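Dear colleague,

I am handing over the structure below, and my notes on what was found in it follow directly after. Please read them with the model open beside you.

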Amino acid sequence: MPKINVLNVSGQNVGEIELNDSIFNIEVNEHVLYEAVKCQLANKRQGTQSAKTRAEVRGGGRKPWRQKGTGRARQGSIRSVQWVGGGVAFAPKPRDYSYSLPKKVRRLAMKSALTSKVQDNEMIVLDALAIDAPKTKEITNLFKNVNAAKKTLVVTADNDVNVVKSVRNIEGANVCHVSTLNVYDILNCDSFIITKDAVKKVEEVYA
């Protein structure tokens, strides 16, 4: 089992934690990670783009000039796609881009993402993270003490409102709890800060 140091909010080493091999020490499957990120980004798309076809634009009912004898190209409508103010050929219409991946693929992608953070030495485990009131300064000091990168993801065991409000004011930082943890957010950060309780909860969910 891989071992990783446990730090306190001051950045001091207060012990070690053994990580589950089946979650934090597997062979990283890059293709599965790609599929998971692509699926998540597709599901975020609103799909509200829309443009009008030649049947939907106003006007163009009369033939602009007679078919023959003018020396110009034949035209049937001033709202054809080649005219300024005409319709759009193959116009985009509102659609749903969302789709889902098999459960086994989603679980493998999550394990691969977590393993990659351990292998790249980007995972930081805290013994605890408790804030009495929302204070961005406390989180800023925490990031400095543990040498966190600018793009940092903070993961707590449960939804902690004080932590959420403290982190969300920091540029490049993001926060979530175990039940909302996802592959894209893990891969999109350079420092992965997770509490000791959250590690145990992740192991319970994905073991």
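If neighbours within four places in sequence are set aside, A157 is in contact (heavy atoms within 4.5 Å) with H177, V178, T195, D197, A198 and K201. A157 lies in the loop between β4 and α5 (161-167), where helices (H or I, at least four residues) and strands (E, at least two) are DSSP runs numbered from the N terminus. With a relative accessibility of 15%, A157 counts as buried, a word that stands for under 20% relative accessible area, while exposed stands for over 50% and partly exposed for what falls in between (1.4 Å probe, protein chains only). The C-alpha atoms of A157 and E16 are separated by 18 Å, the two residues being 141 apart along the chain.

Before going further, please note that this is a predicted model, in which local features need pLDDT of at least 70 and side-chain atom pairs count only at pLDDT 80 or more, whereas totals for chains, interfaces and linings use all residues. Residues are numbered from 1 along each chain as its sequence is written, and side-chain values use heavy atoms, with hydrogens and water left out.

Turning to the aromatic rings, the structure holds 1 aromatic pair, where rings of Phe, Tyr and Trp (its six-membered ring) pair if their centres lie within 6.5 Å, and planes under 30 degrees apart count as stacked, over 60 as edge-to-face and the rest as tilted. The pair is formed by W65 and W83, and it is tilted because the planes stand at 40°, with the ring centres 6.0 Å apart. Both W65 and W83 belong to the loop between α2 (30-44) and α3 (103-119), and the pair links distant parts of the chain, 18 residues apart. W65 is buried at a relative accessible area of 18%, whereas W83, at 25% relative accessibility, is partly exposed.

As for the helices, α2 and α3 pack at an angle of about 110° with their axes 9 Å apart, the axes being lines fitted to C-alpha atoms, for helices over the stretch in contact, and the angles running from 0 to 180 degrees between N-to-C directions. The two, α2 and α3, are therefore roughly perpendicular, given that angles under 35 degrees count as roughly parallel, over 145 as roughly antiparallel, 65 to 115 as roughly perpendicular and the rest as oblique. Their contact is made by V32, L33 and A36 of α2 and by V105, L108, A109, S112 and A113 of α3.

The axes of α3 and α7 (residues 196-206) come within 11 Å and cross at roughly 150°, so α3 and α7 are roughly antiparallel. Here the contact involves R107, M110, K111 and L114 of α3 together with V202, V205 and Y206 of α7.

Finally, there is the backbone. N121, which is not a glycine, has a positive phi of about 55°; N121 is placed in the loop between α3 and β3 (123-126) and is exposed at 71% relative accessibility.
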